[in-house]
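Me: I am new to this structure. Please show me how to read it, one feature at a time.

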Amino acid sequence: MGGAYIILAGAIMLFSWLVSAKLKSKFELYSKLQLQNGMSGKEIAEKMLADNGITDVRVISTPGQLTDHYNPSDKTVNLSEAVYNHRNAAAAAVAAHECGHAVQHSIGYEWLTMRSKLVPIVSIASNYVQWILIAGILMIKVFPQLLLVGIIIFAATTLFSIITLPVEYDASNRALAWLENKHMLTQQEQAGAKDALKWAARTYVVAAIGSIATLLYYISIYSGSRRN
């Protein structure tokens, strides 16, 4: 399976690059589409939170690019500087999407709850799992159980990637529905926001596929050692 995995991994890496490049170009395109309502990403986020009856979440600016996220531990919607201050379709899409996570948190959305419970495990696992897997492969003939441990840990990170998919798609759906129902954007701006979030979601799909493929590869190595 080694040769087949290399080909598959190469294909996934290529597809990931293509999706990332497309996402970047889409956000650059829709960053030029200025909102007719004149609202910034911060103002979009604050209005969406208010319309959903959420009063205990703060909208703050965070440095960097593509650093936008919702933090359930301190209840903050963190928007990158380009989203926080700017008044375009891309900023509106990202701001509303992150607020979608805040809405999920407020209603106890089960997939978000599951992902949040895995965060501490995945945070620790990501620091050590590759070393354990490498050591497990090198010691496969004398200590195969080490590779099995690595596989179990890696499986947790794969599960996290899979659970992330419904969380991200649901947040985007909530964002787009609110933007449309509240008539926040023009038809052209709404289409741009939808397109931008579509490509953002595809990055998570690629990540999940890559993680599943890698997990199966390690499982095949372990299974082959057991047969031998």
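**Reading the model**

Reply: Helices (H or I, at least four residues) and strands (E, at least two) are DSSP runs, numbered from the N terminus. This is a predicted model: local features need pLDDT of at least 70, side-chain atom pairs count only at pLDDT 80 or more, and totals for chains, interfaces and linings use all residues. Residues are numbered from 1 along each chain as its sequence is written, and side-chain values use heavy atoms, with hydrogens and water left out.

Me: Is Asp170 buried or exposed?

Reply: Buried means under 20% relative accessible area, exposed means over 50%, and partly exposed is in between (1.4 Å probe, protein chains only). Asp170 has 16% relative accessibility, so it counts as buried.

Me: Which residues is Asp170 in contact with, leaving aside its neighbours within four places in sequence?

Reply: Contact means heavy atoms within 4.5 Å. With those neighbours left aside, Asp170 is in contact with Gln104 and Tyr109. Gln104 and Asp170 are 66 residues apart along the chain, and their C-alpha atoms are separated by 8.5 Å.

Me: How do I read two packed helices?

Reply: Two packed helices are described by the angle between their axes and the distance between the axes. Axes are lines fitted to C-alpha atoms, for helices over the stretch in contact, and angles run from 0 to 180 degrees between N-to-C directions. Take helix α4 (residues 89-107) and helix α6 (residues 144-181): their axes are 7 Å apart, at an angle of about 110°. Angles under 35 degrees count as roughly parallel, over 145 as roughly antiparallel, 65 to 115 as roughly perpendicular and the rest as oblique. α4 and α6 are therefore roughly perpendicular to each other.

Me: Which residues meet where α4 packs on α6?

Reply: From α4 come Ala92, Ala96, His97, Gly100, His101, Val103, Gln104 and Ile107. They meet Val167, Glu168, Asp170, Ala171, Ser172, Arg174, Ala175 and Leu179 in α6. By class, this contact of α4 with α6 has 8 nonpolar, 5 polar and 3 charged residues. Here Ala, Val, Leu, Ile, Met, Phe, Trp, Tyr, Cys and Pro count as nonpolar, Asp, Glu, Lys and Arg as charged, and the others, Gly among them, as polar.

Me: How do α5 and α6 cross?

Reply: The axes of helix α5 (residues 110-138) and α6 cross at roughly 145° and come within 7 Å. The contact of α5 with α6 divides into 24 nonpolar, 5 polar and 2 charged residues.

Me: Now the sheet. In what order do the strands lie?

Reply: Two strands pair if DSSP finds at least two bridges between them. The order is β1-β3-β2, in an open sheet of 3 strands with mixed pairing. β1 (58-62) and β2 (69-71) are the edge strands, each pairing on one side only. Neighbouring strands of this sheet are turned by 30° against each other on average, direction ignored.

Me: In which sense does each pair run?

Reply: β1 pairs with strand β3 (residues 76-80) in the parallel sense, over 5 bridges. Ser61 has Leu79 in β3 as its bridge partner. β2 and β3 run antiparallel, joined by 3 bridges. Asn71 stands opposite Thr76 in β3. β2 and β3 form a hairpin with 4 residues between them.

Me: How many residues of β3 are buried?

Reply: 5 of the 5 residues are buried, so β3 is largely enclosed by the rest of the structure. Both faces are covered: Thr76, Asn78 and Ser80 on one side, Val77 and Leu79 on the other.

Me: What should I look for in phi?

Reply: Most residues other than glycine have a negative phi. Leu66 has a positive phi, near 55°. Leu66 sits in the loop between β1 and β2. At 70% relative accessibility, Leu66 counts as exposed. His183 also has a positive phi, near 55°. His183 lies in the loop between α6 and α7 (187-227). With a relative accessible area of 67%, His183 is exposed. Lys75, in the turn of the β2-β3 hairpin, has a positive phi of about 55°.

Me: What does the whole chain come to?

Reply: The chain has 7 helices and 3 strands. Along the sequence, the pattern is α-α-β-β-β-α-α-α-α-α. The C-alpha trace spans about 65 × 35 × 30 Å along its principal axes. Of the 228 residues, 45% count as buried.
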